[in-house]
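Please have the sequence and the 3D view open side by side. The paragraphs below go from one part of the chain to the next.

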Amino acid sequence: TFDGLTATIQEIPDTTIKLAYLDKQKLRDHTSGHDVIAYSGWTENDDAGVNKNLTVALIGDDNELIMATLRNKSIKNLQADINYFIISDVISNLTLESHYKIAISKDWSLIPGFRYMQQFDNLHTNTNVASLKDDAMVGYTNKTSLDTNLLALRLDIKSNAFLARLGYSKIADKADIVAPWRGFPTGGFTRAMAQYNWYANTKTYMIRAGYDFDKANIIDGFSIMARYAIQDFDNIKDGIKFTDSNVIHIDLMQNIGKNLQAKIRMGFVDADDSVVKSDGTFKDDLSYNEYRFELNYFF
């Protein structure tokens with residue numbers, strides 16, 4: 001949750017503008033508000049995706065987040081988004097995104113889309129900040145800069161009940177992407193459950209397919225989704241704990257009445273366990289199997 005002000009403007013035809021001024025945030029398991037980006041153990045931003053080099057000692061604990069988003073649908077079948085946020089004297093981010101629906105028959109359509117994110121360094125420090133986790137910054141060309149970018153592409157093949165998606169993302173070989181607010185920069189394109197794939201020089205390829213048996217009038221309230229991702233990390237960078245991996249996720253979902261949903265989620269990650277770090281030791285083998293059962297009630 002956040003402390004601040006937000007506004008939504010919809011007076012312009014086919015356009016939605018959202019604005020936010022956020023002074024504090026409160027992450028999961030925290031009992032009081034804290035800075036929107038500064039890291040200081042549990043007392044400040046301890047999100048799993050936080051840049052741990054952006055400490056309170058470096059940037060203070062009174063930062064403010066200003067955000068603006070514009071979505072336009074004035075061109076038929078086209079959705080265009082512009083997103084901008086800034087934390088003064090630390091970082092800013094400009095994202096352009098667009099999706100276009102192409103009807104190929106009465107029931108089927110193609111929807112190509114892209115996302116381009118440019119991250120700007122406003123800190124101008126001599127401190128190593130390029131990596132999210134590793135102060136040694138092995139393998140980073142400009143260790144003191146947050147400048148970087150992300151390109152993501154996808155193609156959806158869609159009918160009323162079926163959705164297939166081909167996705168690709170590439171992070172520039174510069175800094176890691178800073179995303180400390182549970183806003184996953186590769187989400188909707190190549191991010192798989194519990195995976196972080198926005199480290200410098202990371203490429204991801206994903207195929208996803210889902211079928212809604214309810215919409216197809218086959219099984220009331222039942223749907224299934226599966227995805228397979230190939231994650232190509234930069235194994236030279238010691239600070240990136242992940243190694244090249246293959247990821248499979250399967251979701252089985254059953255709606256119970258109007259407000260209750262049961263979900264079984266399964267994840268299988270096969271990671272390369274042979275990557276050697278600069279000190280001669282091996283990176284950890286982060287392969288695992290994960291099984292979840294959820295009951296979700298929608299108010």
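**Salt bridges and strands**

The structure holds nine salt bridges. The model is a predicted one. One of the salt bridges joins Arg71 and Asp81, whose closest N and O atoms are 2.8 Å apart. Arg71 lies in strand S3 (residues 65-72) and Asp81 in strand S4 (residues 78-87), so the pair ties together parts that are ten residues apart in sequence. Arg71 is partly exposed, with a relative accessible area of 35%, while Asp81 counts as buried at 6% relative accessibility.

Glu97 forms a salt bridge with Arg115, and here the closest N and O atoms are 2.8 Å apart. This pair links distant parts of the chain, with Glu97 in strand S5 (residues 91-100) and Arg115 in strand S7, 18 residues apart. Glu97 is buried, with a relative accessible area of 12%, and Arg115 is buried with 11%.

A further salt bridge runs between Asp251 and Arg265, with the closest N and O atoms 3.0 Å apart. Asp251 is in strand S12 and Arg265 in strand S13, 14 residues apart, and the pair links distant parts of the chain. Asp251 is buried, with a relative accessible area of 4%; Arg265 counts as buried at 14% relative accessibility. Salt bridges that share partners also join Arg154, Asp156 and Arg165 into one network.

Arg165 lies in strand S9 (residues 162-171) and is buried, with a relative accessible area of 9%. The side chain of Arg165 makes a polar contact of 2.7 Å with the side chain of Asp156. Leaving aside residues up to four places away in sequence, Arg165 touches residues including Arg154, Gly188, Met206 and Arg208.

How are the strands S11, S12 and S13 joined? S11 (residues 222-232) and S12 (residues 245-256) run antiparallel and are joined by ten bridges. In this pairing, Ile224 stands opposite Leu252 in S12. S12 and S13 (residues 260-271) also run antiparallel, joined by twelve bridges, and Asn246 stands opposite Asp270 in S13. S12 and S13 form a hairpin with three residues between them, and Gly257 in the turn has a positive phi of about 70 degrees.

The loop between S11 and S12 contains Thr243. Is Thr243 buried or exposed? Thr243 is buried, because its relative accessible area is 3%, and buried means under 20%. The side chain of Thr243 reaches the backbone oxygen of Asp272 at 2.7 Å. Among the residues that Thr243 touches, not counting those up to four places away in sequence, are Phe233, Asn235, Val275 and Lys283.

Two other loops hold residues with a positive phi. Most residues other than glycine have a negative phi. Ala194, in the loop between S9 and strand S10 (203-212), has a phi near 65 degrees and counts as partly exposed at 30% relative accessibility. Asn217, in the loop between S10 and S11, has a positive phi of about 60 degrees and is exposed, with a relative accessible area of 69%.

The surface also carries a nonpolar patch. Leu70, Ile82, Leu96, Phe114, Tyr116, Leu151 and Leu153 form this patch, with about 520 Å² of accessible area together. The elements that give two or more residues to the patch are strand S7 (109-121) and strand S8 (148-158). Leu151 has its place in strand S8 and counts as partly exposed at 33% relative accessibility.

Conventions:
Residues numbered from 1 in each chain as written. Predicted model: local features only at pLDDT ≥ 70, side-chain atom pairs only at ≥ 80, totals over all residues. Heavy atoms only, no water. Pairing = 2+ DSSP bridges. Helix = DSSP H or I, 4+ residues; strand = E, 2+ residues; numbered from the N terminus. Buried < 20%, exposed > 50% of the residue type's maximum accessible area, 1.4 Å probe, protein only. Polar contact = N/O pair within 3.5 Å; in protein donor to acceptor, adjacent residues only side chain to side chain. Contact = heavy atoms within 4.5 Å. Patch = residues over 30% accessible without salt bridge, like charges linked within 9 Å, V, L, I, M, F, W, Y side chains within 5 Å. Areas by Shrake-Rupley, 256 points an atom, 1.4 Å probe, with all protein chains shown as cover. Salt bridge = Lys/Arg side-chain N within 4 Å of Asp/Glu carboxyl O.
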